[in-house]
Amino acid sequence: MNVHELALAGLNDHRLFTALDLAGTFAFAISGAVAARDRGLDWFGVVAIAFTVACGGGVLRDLCIGAVPPAGLSDWRYLAVALMAALMTIAASPLVVRLAHPVVLFDSIGLGLFAVTGAQKALIFGHNTEVALLLGVVTAVGGGVMRDVLLNRVPVILQREIYASAALVGASIEVIGQSLGWLSSGRTWIALATCFALRYLSLRYQWNLPRAFQREGDAPD
């Protein structure tokens, strides 16, 4: 492969990363906007929560890997995408409500997208496998934790639902696939689809992680 082909491959990877990151921003922004609307927040509150959910995990990731200022704060496209998603949720509320469990749907999509892009960016900045896996999870769940804390809810990551573990599976596929030399676009879509499917199916069929111990009086699962 000559220099031109290498440069072209790198450009295509960068475009794919940016597209996925913005898609994840849009999906998480909608989930945040819907959750804020359901809590009865005003327009500013809806936009603020949407942006926090959409960019919170990415900002934490960028700070950890030294990519400062974080893309979520320095790149106008992230703010624009989050704002567009929030306004769309406000303006087209009846349409969003028709979707089955809109928060769950868009949160699952964003989880898969950010698990992959979080791991990708850590690897791009030269960090090892362990860091890439951890930051893939942090990117995926960070915004959701901020949303739940701001809305005074128990964070999903602290409940028994399969959430962070789904993000870990997606990030693992991306990292292992790169180490094995899998085609970039192929491993990315496999990782994304696996994370989304694991999260969504676990909710549909009520798959849960086992408890560390059984409290007295609890019925067995």
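**Labels and their rules**

Modeller: Start with T117 and D21, whose side chains are joined by a polar contact of 3.2 Å. This is a predicted model, where local features need pLDDT of at least 70 and side-chain atom pairs count only at pLDDT 80 or more, while totals for chains, interfaces and linings use all residues. Residues are numbered from 1 along each chain as its sequence is written, and side-chain values use heavy atoms, with hydrogens and water left out.

Biologist: What makes the T117 and D21 pair a polar contact?

Modeller: The rule asks for a pair of N or O atoms within 3.5 Å; within protein, one must be able to donate a hydrogen and the other to accept it, and residues adjacent in sequence count only if both atoms are side-chain atoms. The T117 and D21 side chains meet at 3.2 Å.

Biologist: Where are D21 and T117 found?

Modeller: D21 is in helix 1 (residues 3–38). T117 is in helix 6 (residues 102–124). Helices here are DSSP runs (H or I, at least four residues; strands are E, at least two), numbered from the N terminus.

Biologist: Which residues does D21 contact beyond its sequence neighbours?

Modeller: Contact means heavy atoms within 4.5 Å. Leaving aside residues within four places in sequence, D21 contacts R61, Y78, F114 and T117. With residues up to four places away set aside, T117 touches F17, L20, D21 and R61.

Biologist: What makes D148 and R147 a salt bridge?

Modeller: A salt bridge needs a side-chain nitrogen of Lys or Arg within 4 Å of a carboxyl oxygen of Asp or Glu. D148 and R147 meet at 3.0 Å, N to O. That is within 4 Å, so the pair qualifies. D148 also pairs with R153, at 2.7 Å.

Biologist: Are D148, R147 and R153 buried, exposed or partly exposed?

Modeller: D148 is buried, at 1%. R147 is buried too, at 2%. R153 has 29%, so R153 is partly exposed.

Biologist: How do you know that E174 and R187 form a salt bridge?

Modeller: Their side chains meet at 2.9 Å, N to O. E174 lies in helix 8 and R187 in helix 9 (residues 184–204), so the pair ties together parts that are 13 residues apart in sequence. E174 is buried at 0%, and R187 is buried at 9%. Elsewhere, salt bridges that share partners join D21, R61, D62 and K121 into one network.

Biologist: How many salt bridges does a search of the whole structure find?

Modeller: The search finds 9.

Biologist: How many disulfides are there?

Modeller: A disulfide is a pair of cysteine sulfur atoms within 2.5 Å. The count is 0. Among the cysteines, C64 is exposed at 56%, whereas C195 is buried at 0%.

Biologist: What makes the nonpolar surface patch?

Modeller: V154, I157 and L158 make a patch of about 290 Å². Patch residues have over 30% relative accessible area and no salt bridge; like charges are joined within 9 Å, nonpolar side chains (Val, Leu, Ile, Met, Phe, Trp, Tyr) within 5 Å. L158 has 66%, so L158 counts as exposed. L158 sits in the loop between helix 7 (129–150) and helix 8 (164–179).

Biologist: What does the secondary structure of the protein come to?

Modeller: It comes to 9 helices and 0 strands. Of the 221 residues, 44% count as buried. Among contacts with a separation of 6 or more, 73% join residues 24 or more positions apart. The protein exposes about 11500 Å², with 68% supplied by carbon and sulfur atoms. Accessible areas come from the Shrake-Rupley method with a 1.4 Å probe; for residues, only the protein chains shown count as cover.

Terms used: Buried < 20%, exposed > 50% of the residue type's maximum accessible area, 1.4 Å probe, protein only.
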